[in-house]
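Reader: Hi! I'm new to this one, could you walk me through it?
Author: Happy to, let's take a look together.
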Amino acid sequence: MLVLTIEVLVKGIIVISLLMLAAAYMTFMERVVMARMQLRLGPNRVGPFGLLQPIADGIKLLSKESFQPANADIFTYWLAPGISLFTALFVFVVIPFGGTVTVFGHQVALRIADVNAGIVFLLAFSSLAVYGVVLAGWSSNDRYSLLGGLRGTAQMISYEIPMGISILTVILSAGTLNLTEIVEAQRTHWFIWTNPISFIIYMITMFAETNRAPFDLPEAEQELTGGYHTEYGGMKFAIFFLGEYVNMLAVSAIAVTLFFGGWLGPWDIPILWFVVKVFLFIFFFMWVRATMPRFRYGQLMDFGWKVLVPLATINLLVTAYFILVVK
Amino acid sequence: MRKTISKVASMIYGLFIVLKYAFKRPITLRYPEQKRKLAARFRGRHYLTKWEDGLERCVGCELCAIVCPAQAIYVKPAANEPDDMHSHGERYASDFQINMIRCIYCGYCEEACPTGAIILSNEYELSATTREELIFTKDKLTEKYPGESGRDPRREI
């Protein structure tokens, strides 16, 4: 029991620190990728190739003045960034990074917890993420924040439904809720080949869930100055930022686990394939951000309720038919 | 339906256009290390040029100060003594100041000058920490040796 506890703690600490590092360098990567797509160079002054830029940014944010707006709801104002980051990090508890490896003659499973209803857990925590946005918007006592928070809530709730339904088809195909078993079920063929429409729906909703372009309405700079984090500065803002990037990693990891065979790949290298696949997804996020303009609020709602929800439902029915009748 | 498909297709096509640009050469100039190649007649800071024999071209006529639309030039003329010749004329500029903050780099002074003494060079990096540093006095403006500014010291004007 003690050994198990220590193992989980060590894995948790390693995963959290790696995620923080990855999120910090994703900000750098995003700036470079966006710059290259716009024929610019991006940050290249701090350290070799600008590689120390995230550290410089961190120092800058840490040394900023700590302020809070007048008449803010102090408790929720300070709690909201924490919720954002916490829910994003929590998803990684159930994501399997690899099979089992032997470390110092000890069998270690490359996942923090093997939850038998992993997918339900994932959906629950990605729904909770909306609290960070809405509480930040409400407690700041600012009209821009409130508008951003409301938009975020509406968007995340309406895109949760097609996301959940598209994930249901994967559950149907795999016949299990356990993420490790879902990955193992993809040994012969990835689920993207059997459920391509689910994947497309999931991919669209994953942009909306993370509030990324083209669905970055909650923080639309041009209309809402900063959206729900207008009144946040310094490290509080940085935590929102980290939360957004960890959330990107989380939805990419879920997509890789559900549709791209998780850690499976040619040769049996423990974590490599998982990291490579997630990295490609992250690049896709940045690529789309450099290309697509923002949706209007009405278009967003139209698309979510009139296109994605019916499409996902039909897709679920068709998948269920194939599973029940054809198999 | 066909319209929707063409819309989605154009979105995907757009993605690949953007990706194509990622492999092009960035057009950014890394400024302090790389500098833009300027046109030969680019108007930068002023120089008071010299003749080939080392005497100053400026004869203290003050035409540049008169023509200057920003009134950035101050010239204090003085008479040349036979044993202390500064220029080929009767007079020379004993003091010559240009306020580089007021100057609009129009080049009228260069056009007005009868001896081709004042010219605008290609140097544009004129930054300083105080206003006083940007009032260029005669010792700063005059060429250290004939031809320092890049103009041929043997030219007529």
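Author: Leaving aside neighbours within four places in sequence, I119(A) is in contact with I167(A), I171(A), L177(A) and L179(A); contact means that the C-beta atoms, placed from the backbone, lie within 7 Å. This is a predicted model, where local features need pLDDT of at least 70, side-chain atom pairs count only at pLDDT 80 or more, and totals for chains, interfaces and linings use all residues. Residues are numbered from 1 along each chain as its sequence is written, while chains are lettered from A and ligands numbered from 1 in the order in which they are written.

Reader: Is I119(A) buried or exposed, and why?
Author: I119(A) is buried because 23 other C-beta atoms lie within 10 Å; the cut-offs are 20 or more for buried, 12 or fewer for exposed, and partly exposed in between, with C-beta atoms placed from the backbone.

Reader: And how many residues apart in sequence are I119(A) and I167(A)?
Author: They are 48 residues apart in sequence and 8.3 Å apart in space, C-alpha to C-alpha.

Reader: Switching topic: how many residues does the contact take from each of chains A and B?
Author: Eight come from chain A and ten from chain B. The largest share of the chain A side, three residues, comes from α11(A). Helices here are DSSP runs (H or I, at least four residues; strands are E, at least two), numbered from the N terminus.

Conventions:
Two residues are in contact if their C-beta atoms, placed from the backbone, lie within 7 Å.
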